[in-house]
Amino acid sequence: MAASVGTTPGGTTPAGMTPAGTTPESEKDTEFQEHEGILCPDFLSVAQITEMLAEDIDGVQQKLEKFLNFRNLQTCLKEASLLDYYVSGFLWARGMDFSVIQYSKFMTLLDMLLHNLKTLHMSIEDSIKWLREVMAEIGPSHSQKNEEWNIFDVKQANAIVDYLKVSLFQHYKLYEFLFFSAREEIVIGTEQVIEVVKPAGHAFPDPLEEGISFDIYSTFIEPPPILDMEMKGLNQEQGPEESQPEAGTSETDPLAGFTIEDIKLVLGQVTDDILISIQTKINEKLQIQEEAFNARTEKLKKA
């Protein structure tokens, strides 16, 4: 009994006991099984590749977006870059007139190179070495007895290496940055509390940033006191009544019969009533403004 160990690009095949009288057919079957394990499992199925071959450029991108389950292409740089990587590779393979099997192995090769970079943290030197081993298995450098297993001929293998050189290896640092470097999240929206300016006819003055001094406001902008309006209305009501006897009493003193003390008493009562009314209205306005300022202060504290 002799033990044989086979090495593949994907790893080491477990040792198996080979009988001394092994036939060439059994050895060929064992080698065929090892060859079938190269670049497996397939990145895309035959059915998926067939669907994509019937699409144009936009259709290929939409199909791959669906197969890879990419949902944040508009906001995720990583997904957009990976989709571009696979779409470019598939379109390049279309120009090479590959067969479906060649499409499958080439797309799996693209995926495995990124897998080695992302998961195994392979350097560019290790990736190139790994690619050399894989191409030795599926390319034209394989032994002559298994020539029927060669997936790519010499021209195709050289073209694949040249494509990987300009598409992946030339930008290897960028792909390392894509997988291993954390990026800051850009704030694309925010919420702000904005206090709406009150209408022009509102009883309160303008906001402080648009305000003016109280003297100017009270002199030129504040509406006239209601007391003046009432006095004018009272004078207009009494005007017609007093105009009728004015001709007969024009020479009579209206204050006749009143002493100075009576006049002072009447004027004092009228003045007290007016002052009390004005004081009450001022207090009401101050209270309203105080409530408004308190409400605005509470809003600012919450914000």
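These legends walk through several close-up views of a predicted model. Local features need pLDDT of at least 70 and side-chain atom pairs pLDDT 80 or more, while totals for chains, interfaces and linings use all residues. Residues are numbered from 1 along each chain as its sequence is written, and side-chain values use heavy atoms, with hydrogens and water left out.

**View 1. Lysine 105 and aspartate 42 meet in a salt bridge.** The N to O distance here is 3.8 Å; to count as a salt bridge, a side-chain nitrogen of Lys or Arg has to be within 4 Å of a carboxyl oxygen of Asp or Glu. A search of the whole structure turns up three of these. This one links distant parts of the chain, with lysine 105 in helix 5 and aspartate 42 in the loop between helix 1 (24-36) and helix 2 (46-53), 63 residues apart. Helices are DSSP runs (H or I, at least four residues), as are strands (E, at least two), numbered from the N terminus. Lysine 105 is buried at 12% relative accessibility, whereas aspartate 42 is partly exposed at 40%. Buried means under 20% relative accessible area, exposed over 50%, and partly exposed in between (1.4 Å probe, protein chains only).

**View 2. Lysine 63 pairs up with glutamate 51 in a salt bridge.** Their closest N and O atoms are 3.3 Å apart. Lysine 63 sits in helix 3 and glutamate 51 in helix 2, so the bridge ties together parts that are twelve residues apart in sequence. Both ends are partly exposed: lysine 63 at 21% and glutamate 51 at 36%.

View 3. Lysine 173 is exposed, at 65% relative accessibility.

**View 4. Tyrosine 85 and tyrosine 86 make an aromatic pair.** The structure holds 13 aromatic pairs. Rings of Phe, Tyr and Trp (its six-membered ring) pair if their centres lie within 6.5 Å; planes under 30 degrees apart are stacked, over 60 edge-to-face, and the rest tilted. These two tyrosine rings have centres 5.2 Å apart and planes at 70°, so they are edge-to-face. Both tyrosines are buried.

**View 5. Tryptophan 92 and phenylalanine 106 form a tilted aromatic pair.** Their rings are 5.2 Å apart centre to centre, with 35° between the planes. The pair links distant parts of the chain: tryptophan 92 belongs to helix 4 (residues 77-95) and phenylalanine 106 to helix 5 (residues 100-119), 14 residues apart. Tryptophan 92 is partly exposed at 21%, but phenylalanine 106 is buried at 0%. Both belong to one aromatic cluster, along with Phe90, Phe98, Tyr103, Phe152 and Tyr163.

**View 6. Asparagine 69 and aspartate 97 have positive phi values.** Most residues other than glycine have a negative phi. Phi is near 60° for asparagine 69, which is found in the loop between helix 3 and helix 4. For aspartate 97 phi is about 55°, and this residue is in the loop between helix 4 and helix 5. Asparagine 69 is partly exposed at 45%; aspartate 97 is exposed at 66%.
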